[in-house]
Amino acid sequence: MEAAVNGYFPHLRSLLQSSKKVIPLRKHSFLFQEGMPANELYLILSGKVQVSKICPDGKEMCFRICGSGEIVGELTLFTNDARYLLTAKVIEPGEAAVINKEELEQQLLINPPLTLEYMRWISKHARRTQTKFRDLIMNGKKGALYSTLIRLCNSYGVPLEDGSIFIDVTLKNQDLANFCGTTRESVNRMLNALKQEGIISMKRGKITVHDLNYLKAEIQCEDCPADICCIE
């Protein structure tokens, strides 16, 4: 996603990079957790962070995996007692630049290009979230898995000579289940069915999609832009 940040959000990225506060990201630690005061915005410099929500029944619903160049920490600005609605957990160690909410608010008041850019960033994330909920609600568990595989291809896909797409990120079946809002057992069954049909193959925790068009046809994919239809 670094190219997208460079291309679409140069002012916001520059502000974050100018921050004098850089923190280490230790695996299994949290940048923030749901319900904590929303006081900071983060630019991932290296490593990976998973953004998710814990449902009342204890299930985890994963929304994003953020890597180098991605911005994390959707803030409710210009309000008192704002709190994070999601949880950001480090899944790969690295570093992040941090900017305080008050400093960001001051910059937004005096820098119109930055303000417009911030609004576009919020709008983009809202659209991404809406499309994920659409896939889950309209297409059920199977549609949620298929759309997750499509998003993974857009975010981490490496095209192969035979037309297949190798998803270059290691995900356990439980991780996929968290993206789909379902159980690991359900994901196991659906993945096995796809393997038997030759749609995908799996090796050492990584998936290769052999027929992306099949997945798209099954959920009547609208071919949204890759910066919207993505895991990041």
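The legends below describe close-up views of a predicted model. Local features require pLDDT of at least 70 and side-chain atom pairs count only at pLDDT 80 or more, whereas totals for chains, interfaces and linings use all residues. Residues are numbered from 1 along each chain as its sequence is written, and side-chain values use heavy atoms, with hydrogens and water left out.

View 1. Helix α6 covers residues 184-196; helices (H or I, at least four residues) and strands (E, at least two) are DSSP runs, numbered from the N terminus. Its 13 residues reach 18 Å from the first C-alpha to the last, close to the 18 Å expected at 1.5 Å a residue, where the expected span is 1.5 Å times one less than the number of residues. S186, V187, M190, L191 and L194 of α6 are buried. Seen down the axis of α6, the buried residues fall within an arc of 125°, so they line one face of the helix; the arc is that of the directions from the helix axis to the C-beta atoms. R189 and Q196 are exposed on the other side of α6. Buried means under 20% relative accessible area, exposed over 50%, and partly exposed in between (1.4 Å probe, protein chains only). Packed against the buried residues of α6 are α4 (112-156), α5 (173-180), β9 (200-203) and α7 (212-218). After α6 comes G198, with a positive phi near 80°.

**View 2. Salt bridge between E40 and K21.** The structure holds eight salt bridges, a salt bridge being a side-chain nitrogen of Lys or Arg within 4 Å of a carboxyl oxygen of Asp or Glu. In the bridge of E40 with K21, the closest N and O atoms are 2.9 Å apart. E40 lies in strand β3 (residues 40-54) and K21 in strand β1 (residues 21-25), so the pair ties together parts that are 19 residues apart in sequence. K21 is partly exposed, with a relative accessible area of 41%.

**View 3. Salt bridge between D168 and K206.** The closest N and O atoms of D168 and K206 are 2.8 Å apart. This pair links distant parts of the chain, with D168 in the loop between β8 and α5 and K206 in strand β10 (residues 206-209), 38 residues apart. D168 is partly exposed at a relative accessible area of 39%, and K206 counts as partly exposed at 22%.

**View 4. Salt bridge between E70 and R64.** E70 and R64 form a salt bridge whose closest N and O atoms are 2.6 Å apart. Both E70 and R64 are buried.

**View 5. Surroundings of K124.** K124 is found in helix α4 and is buried, with a relative accessible area of 16%. Leaving aside neighbours within four places in sequence, K124 is in contact with F9, D227 and I228; contact means heavy atoms within 4.5 Å.

**View 6. L109 in a nonpolar surface patch.** F78, L109 and I110 make a nonpolar surface patch of about 370 Å². Patches are made of residues with over 30% relative accessible area and no salt bridge: like charges are joined within 9 Å, nonpolar side chains (Val, Leu, Ile, Met, Phe, Trp, Tyr) within 5 Å. Accessible areas come from the Shrake-Rupley method with a 1.4 Å probe; for residues, only the protein chains shown count as cover. L109 belongs to helix α3 (residues 101-110) and counts as exposed at 66% relative accessibility.
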